[in-house]
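Biologist: I'd like to go through this model with you and ask how you back up the words you use for it. Can you put it up?

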Amino acid sequence: IMFMFFGIALLEDSGYLARVAFMLDRVFRTFGLHGSSVMSYIVSGGIAGGCAVPGVMAARTLKSRRERLATLLTAPFMNCGAKLPVFALLIAAFFAEHEAAMMLIITLSSWLGALLVAKLLRSTVIRGESMPFVMELPPYRLPTFRGLAIHTWERTWQYIKKAGTIILGISVILWAMMTFPGLPDSTLQDFEYQRIAARAAVSTEVNREVDRYDETTALSDEAHNLKERLMAIDSREAEAGLRNSVAGRIGIALEGISRWAGFDWRTNIALVGGLAAKEVVVSTLGTAYSLGEVDPEEDRALSEILPGSPGWSPLAALSLIIFTIFYAPCFVTVVMIVRESGSWKWGFFSMVFNTLVAFILAVAIYQIGSLIGV
């Protein structure tokens, strides 16, 4: 994130970013935007890795209210640094042989989607004439290290405050929602009876061998089979606990709708958490799927767990990528949209409208892909 902010500061302080706005004005005007909108797009993640919060703030330089609103509502479509871990996870898990091509497709999709949605908004809810392009182009100059350091640190500090407060807090809340209220005593007893039955089916010596197991010892075939059965019981208990949790019930309730896009209840939990901060999507998925990985000696990456999990496929991963690009911005960005637009109406609109667009696209990709056998 810091290196990305440094690169943007370099473009700004050298005077080049203003010329980018000048050169792209004709293109952006086609979509009802202003050439200066490109600054918000780039800062928000047009060059993958930005942050929508300063991107939305950058739109305040636009003098036309209509163009500013269209920019505010579409800048969060860019691939901010919070979305990149989600993309990296899914690409590593399902598209490892085409990593560069997939990132290029994702970047182009965010730009094209933002421009098309901006055109839709400017033709419907934000109709009006575009303002003529007027901008004073600063002279080219060699950036100073002090200036670059100040601009980089200001934006990085904003991100640190976000990570250390909102993201951390939401992660703790989600963990609690995925843990409580826990399973009833009767269900816990059922799982305990299954363990007792599994142990009773083998000799005492085999049970001792399993209890003494560590990485330095080797198990006999019978002991290995017992260990696998016990782990399977633990895994089913952990999944039952997650299903019975507050977050699990929310995810299951949404599954009737989300299954059209290929999302199961665990993915729903992560996406709901992403409404607060996109950074928690991967950590929530990790928590949801690691609940079944109860062997302390086994440490597998989430990118290795997902391909073998029920309901996951490259098509489902692609659907989730598209949904992540376009669905509602994080809570902090929504607050900034409200502050810059002057009305909560546009903040709520961005959440509902963006999520609706994302869901329609994800459903279309998943259903069409399923029909043609992708």
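Predicted model: local features only at pLDDT ≥ 70, side-chain atom pairs only at ≥ 80, totals over all residues.

Biologist: What does the chain look like overall, in helices and strands?
Modeller: The secondary structure comes to 18 helices and 0 strands. The C-alpha atoms fill a box of roughly 85 × 45 × 40 Å along the principal axes, and 48% of the 374 residues count as buried.

Biologist: Why is H2 called roughly perpendicular to H3?
Modeller: Helix H2 (residues 16–30) and helix H3 (residues 37–46) pack at about 110°, with axes 8 Å apart. Angles of 65 to 115 degrees count as roughly perpendicular, so H2 gets that label against H3.

Biologist: Which residues make that contact?
Modeller: On the H2 side, Leu17, Ala18, Val20, Ala21, Leu24 and Phe28; on the H3 side, Ser37, Val38, Met39, Tyr41 and Ile42. By class, that contact has 10 nonpolar, 1 polar and no charged residues.

Biologist: How do you know whether threonine 156 is buried or exposed?
Modeller: Its relative accessibility is 6%. Buried means under 20%, so threonine 156 counts as buried. You'll find threonine 156 in helix H8 (residues 145–179).

Biologist: What lies 2.7 Å from a polar atom of the threonine 156 side chain?
Modeller: That's the backbone oxygen of threonine 152. A polar contact needs N or O atoms within 3.5 Å, and this pair is at 2.7 Å.

Biologist: And what is threonine 156 in contact with, leaving aside neighbours within four places in sequence?
Modeller: Met2 and Phe5.

Methods. Residues numbered from 1 in each chain as written. Heavy atoms only, no water. Axes fitted to C-alpha atoms, helices over the stretch in contact; angles between N-to-C directions. Helix = DSSP H or I, 4+ residues; strand = E, 2+ residues; numbered from the N terminus. Parallel < 35°, antiparallel > 145°, perpendicular 65-115°, else oblique. Contact = heavy atoms within 4.5 Å. Nonpolar A, V, L, I, M, F, W, Y, C, P; charged D, E, K, R; others polar. Buried < 20%, exposed > 50% of the residue type's maximum accessible area, 1.4 Å probe, protein only. Polar contact = N/O pair within 3.5 Å; in protein donor to acceptor, adjacent residues only side chain to side chain.
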